[in-house]
Amino acid sequence: MINVWTDETSTIILLDLDAHPEPTPEALRRLFGLTAAESQLAVELARGHNLLDISRSRRLSRTTIRSHLASLFVKTQTRRQAELVALLGRVAVLPSHGN
């Protein structure tokens, strides 16, 4: 707890350190114009999965997965996978449409 207010008001922020919010495919399609395949790849990357495992589990070639990743970079204006995952983490905490 940190007191940052001059009138002695305090703010308490509670965080669930075990929570792992992830963006929804619908939100990603709406925000960035992703295809269904691109949004699914983005969600799996946000979950911490690597490209090889994603390729195997979805039964897609590494070339196809890398092509989807390249499209993700363009559409999200990111350049590296770490930058993309960081962006996805920020999007995940946005309120859902209709809440």
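Modeller: Here is a walk through the salt bridges, pair by pair. This is a predicted model, in which local features need pLDDT of at least 70 and side-chain atom pairs count only at pLDDT 80 or more, while totals for chains, interfaces and linings use all residues. Residues are numbered from 1 along each chain as its sequence is written, and side-chain values use heavy atoms, with hydrogens and water left out.

Searching the whole structure gives three salt bridges (a side-chain nitrogen of Lys or Arg within 4 Å of a carboxyl oxygen of Asp or Glu). One joins Glu22 to Arg47, at 2.8 Å from N to O. Glu22 sits in the segment before α1 (25-32) and Arg47 in the loop between α2 (36-46) and α3 (51-58), so this pair ties together parts 25 residues apart in sequence. Helices here are DSSP runs (H or I, at least four residues), numbered from the N terminus. Glu22 has a relative accessible area of 30% and Arg47 one of 47%, so both are partly exposed (buried is under 20%, exposed over 50%, partly exposed in between, with a 1.4 Å probe and protein chains only).

Next come Arg29 and Glu26, whose side chains meet at 3.8 Å, N to O. Both lie in helix α1, three residues apart, which is about one turn of the helix. Arg29 is partly exposed at 30%, and Glu26 is partly exposed at 46%.

Finally, Lys75 pairs with Glu38, their closest N and O atoms being 2.8 Å apart. This pair links distant parts of the chain, with Lys75 in helix α4 (residues 62-76) and Glu38 in helix α2, 37 residues apart. Lys75 is partly exposed at 31%, whereas Glu38 is buried at 5%.

Definitions and conventions
Helix = DSSP H or I, 4+ residues; strand = E, 2+ residues; numbered from the N terminus.
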